[in-house]
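Let's take a friendly walk through a protein model, one piece at a time. Have a look at the picture first, and then read on.

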Amino acid sequence: MKNLRNCLWLASLVAVATGVIAADDTKANLQLTMLTKVNPNALALWDATNKAQDDNGNLDPRKLNADAWGRIVDMGKAIEEGGKALATTNGVIAAAPGAKLQDENNPGASKAADVQRYLNAKPAEFRKHALELQKTGAGIVEAATKHDGKKLAGLSDSLDEVCESCHTIFWYPQQNGGK
């Protein structure tokens with residue numbers, strides 16, 4: 001019985017160690033995170049908040065029913081998860097090997113290798129932007145949970161700025177003078 005316990009303990013230790021090593025080798029896929037978590041939920045958020053505007057262009061929380069508020073909570077969670085995945089990973093890959101970026105065949109557009117160079121050159125700055133995305137997502141969740149239309153409107157508006165400030169550095173800096 002003692003040998004069985006020792007074998008199980010050793011097997012558990014190996015499994016945990018293997019998991020830790022595997023977790024350290026895992027890198028977040030920027031393109032996949034954007035395509036599955038951030039972009040569709042940001043677009044859905046903007047669509048929902050635009051549809052709930054009053055005649056003056058202000059968000060009218062009364063135009064959002066319980067189901068809409070719940071969907072916005074889910075959108076915020078996905079945006080938060082995307083930001084967290086990118087901020088807490090052991091490195092970021094721009095895209096899977098061989099994957100093409102949207103519009104990369106257009107003149108002046110970045111290719112995955114370009115974006116990877118930008119990411120590798122400024123990892124701490126990228127992490128800062130990912131944390132800001134995570135924070136914005138968490139704020140959206142909080143605002144939607146409290147049905148706080150004013151806070152939600154501000155976060156919805158600022159989300160575009162959060163995205164754009166990162167994109168100009170890591171996705172298409174050549175269009176911004178290479179800054």
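Predicted model: local features only at pLDDT ≥ 70, side-chain atom pairs only at ≥ 80, totals over all residues.

## A spot on a loop

N90 is partly exposed, with a relative accessible area of 43%. (Buried means under 20% relative accessible area, exposed means over 50%, and partly exposed is in between, using a 1.4 Å probe and protein chains only.) You'll find N90 in the loop between helix 3 and strand 2 (92-93). Helices (H or I, at least four residues) and strands (E, at least two) are DSSP runs, numbered from the N terminus.

Residues are numbered from 1 along each chain as its sequence is written, and side-chain values use heavy atoms, leaving out hydrogens and water.

## The whole chain

How many helices and strands does the chain have? It has 6 helices and 2 strands. Reading from the N terminus, the order of the elements is α-β-α-α-β-α-α-α.

The chain has 179 residues, and 36% of them count as buried. Now take the contacts in the chain with a separation of 6 or more: 74% of them are between residues 24 or more positions apart. A contact here means heavy atoms within 4.5 Å.

## The largest pocket

The largest pocket has a volume of about 710 Å³. What counts as a pocket? On a 1 Å grid over the protein atoms alone, a pocket is an open set of points with protein on both sides within 12 Å along at least five of seven lines, and its lining residues have an atom within 4 Å of a point. Grid points are joined across faces, edges and corners, and the volume is the space filled by probe spheres set on the points.

This pocket is lined by 30 residues, and M34, N39, Q102, H167 and W171 lie nearest its centre. The elements giving two or more residues to that lining are helix 2 (30-51), helix 5 (123-145) and helix 6 (149-170). Helix 2 supplies the largest share, 9 residues. Sorted by class, the lining of the largest pocket has 19 nonpolar, 8 polar and 3 charged residues. (Ala, Val, Leu, Ile, Met, Phe, Trp, Tyr, Cys and Pro count as nonpolar, Asp, Glu, Lys and Arg as charged, and the others, Gly among them, as polar.)

## The second largest pocket

About 170 Å³ of space lies in the second largest pocket. Its lining residues include W46, T49, N50 and Q53, along with A153, S156 and D157. Helix 2 and helix 6 are the elements that give two or more residues to this lining. By class, the lining of the second largest pocket splits into 3 nonpolar, 6 polar and 1 charged.

## Salt bridges

The structure holds 7 salt bridges. A salt bridge is a side-chain nitrogen of Lys or Arg within 4 Å of a carboxyl oxygen of Asp or Glu. One of them links R62 and D60, with the closest N and O atoms 3.0 Å apart. Are these two partners buried or exposed? R62 counts as exposed because its relative accessibility is 74%, whereas D60 counts as buried because its value is 11%.

R71 pairs with D67, and there the closest N and O atoms are 2.2 Å apart. Both residues lie in helix 3 (residues 66-88), 4 residues apart, about one turn of the helix. R71 is partly exposed at 42% relative accessibility, and D67 is partly exposed at 49%. E142 and K151 also meet in a salt bridge (3.3 Å, N to O). Salt bridges that share partners join E142, K146 and K151 into one network.

Q31 lies in helix 2. Q31 counts as buried because its relative accessibility is 14%. Leaving out residues up to four places away in sequence, Q31 touches A94, A95, A99, K100 and L101.

How values were computed:
1 Å grid on protein atoms, 1.4 Å probe; cavity = no way out; pocket = protein on both sides within 12 Å on 5 of 7 lines; lining within 4 Å.
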